[in-house]
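Subject: Structure handover

Hi,

Here is the structure for you to look over.

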Amino acid sequence: MTRQRMAVTRTLASCQDFVSAQELYALLVAGDHAIGLTTVYRALRELEADGGVDVVRDEAGGRLYRLRPADGHRHYLMCRDCGRSRPVDSDVVEEWAGRIAADTGFAAVEHTVELTGVCTDCLPSMDGGRSSSDEGEEPPCHWDRTPDPRGRIRNCAS
């Protein structure tokens, strides 16, 4: 693993949510890493090929990346407003894809499932302006890029 790929992996691990290659590049440069945008794209392509990242598409069709957890591939429900993502139980999707492959005789079947919605923090309030944060819950995070005390980048999944 190259020094640049290690930096990309570490920075991606510090993000709690999906990020674009450009956002990841900006975080790396802000962290004093000497790296080019092309190198970031190359590292992300390699991580994707190795199964090291989960990839989703944003509303404009751009690719967003998140380090894949050790327990493997996941599907996510993403907020169209703030970008918060939440893993969802997708065993039925995996079983269905396996069954389709077996029934058709196809090999190396891949699938893409994209679930989007609007999270409760982003929904307009139904009770005259009170939001969940008025009731003692944390307000939604909107990409606060300053690191927390442990050096992790905070974002909508915090």
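This is a predicted model: local features need pLDDT of at least 70, side-chain atom pairs count only at pLDDT 80 or more; totals for chains, interfaces and linings use all residues.

Residues are numbered from 1 along each chain as its sequence is written, and side-chain values use heavy atoms, with hydrogens and water left out.

Helix packing

Helices (H or I, at least four residues) and strands (E, at least two) are DSSP runs, numbered from the N terminus. Axes are lines fitted to C-alpha atoms, for helices over the stretch in contact, and angles run from 0 to 180 degrees between N-to-C directions.

Start with H1 (residues 3-14) and H2 (residues 21-30). Their axes lie 10 Å apart, at an angle of about 105°. H1 and H2 are therefore roughly perpendicular (65 to 115 degrees; under 35 is roughly parallel, over 145 roughly antiparallel, the rest oblique). Ala7, Val8, Thr11 and Leu12 of H1 are in contact (heavy atoms within 4.5 Å) with Leu24, Leu27 and Leu28 of H2. The residues of this contact are six nonpolar, one polar and no charged. For these classes, Ala, Val, Leu, Ile, Met, Phe, Trp, Tyr, Cys and Pro are nonpolar, Asp, Glu, Lys and Arg are charged, and the others, Gly among them, are polar.

H1 also packs on H3 (residues 37-49). Here the axes come within 9 Å and cross at roughly 75°. So H1 and H3 are roughly perpendicular too. On the H1 side are Gln4, Arg5, Val8, Thr9 and Leu12; they meet Thr39, Val40, Ala43, Leu44, Glu46 and Leu47 of H3. That contact has six nonpolar, three polar and two charged residues.

Aromatic pair

The whole structure gives one aromatic pair (ring centres of Phe, Tyr or Trp, the last by its six-membered ring, within 6.5 Å). Phe18 and Tyr76 are the partners, 4.9 Å centre to centre with 85° between the planes, so edge-to-face (over 60 degrees; under 30 is stacked, the rest tilted). Phe18 sits in the loop between H1 and strand S1 (19-20), and Tyr76 in strand S4, so the pair ties together parts 58 residues apart in sequence.

Pocket and cavity

Both are found on a 1 Å grid over the protein atoms alone: a cavity is a set of points where a 1.4 Å probe fits but cannot get out, and a pocket is an open set with protein on both sides within 12 Å along at least five of seven lines. Lining residues have an atom within 4 Å of a point. Points are joined across faces, edges and corners, and a volume is the space filled by probe spheres set on them.

The largest pocket has a volume of about 500 Å³. Its lining has 19 residues, with Val55, Arg68, His73, His111 and Thr112 nearest the centre. S2 (53-57) and S4 (75-79) each supply at least two. S2 gives the largest share, five residues. By class, the lining is six nonpolar, five polar and eight charged.

There is one cavity of 30 Å³ or more. The largest cavity has a volume of about 40 Å³. Val56, Arg57, Tyr76, Met78, Val113, Glu114, Leu115 and Thr116 line it. S2, S4 and S6 (115-117) each give two or more of these.

Val93

Val93 is in H4 (residues 91-104). Beyond its neighbours within four places in sequence, Val93 contacts His75, His111 and Val113. The C-alpha atoms of Val93 and Val113 are 8.4 Å apart.

Best wishes
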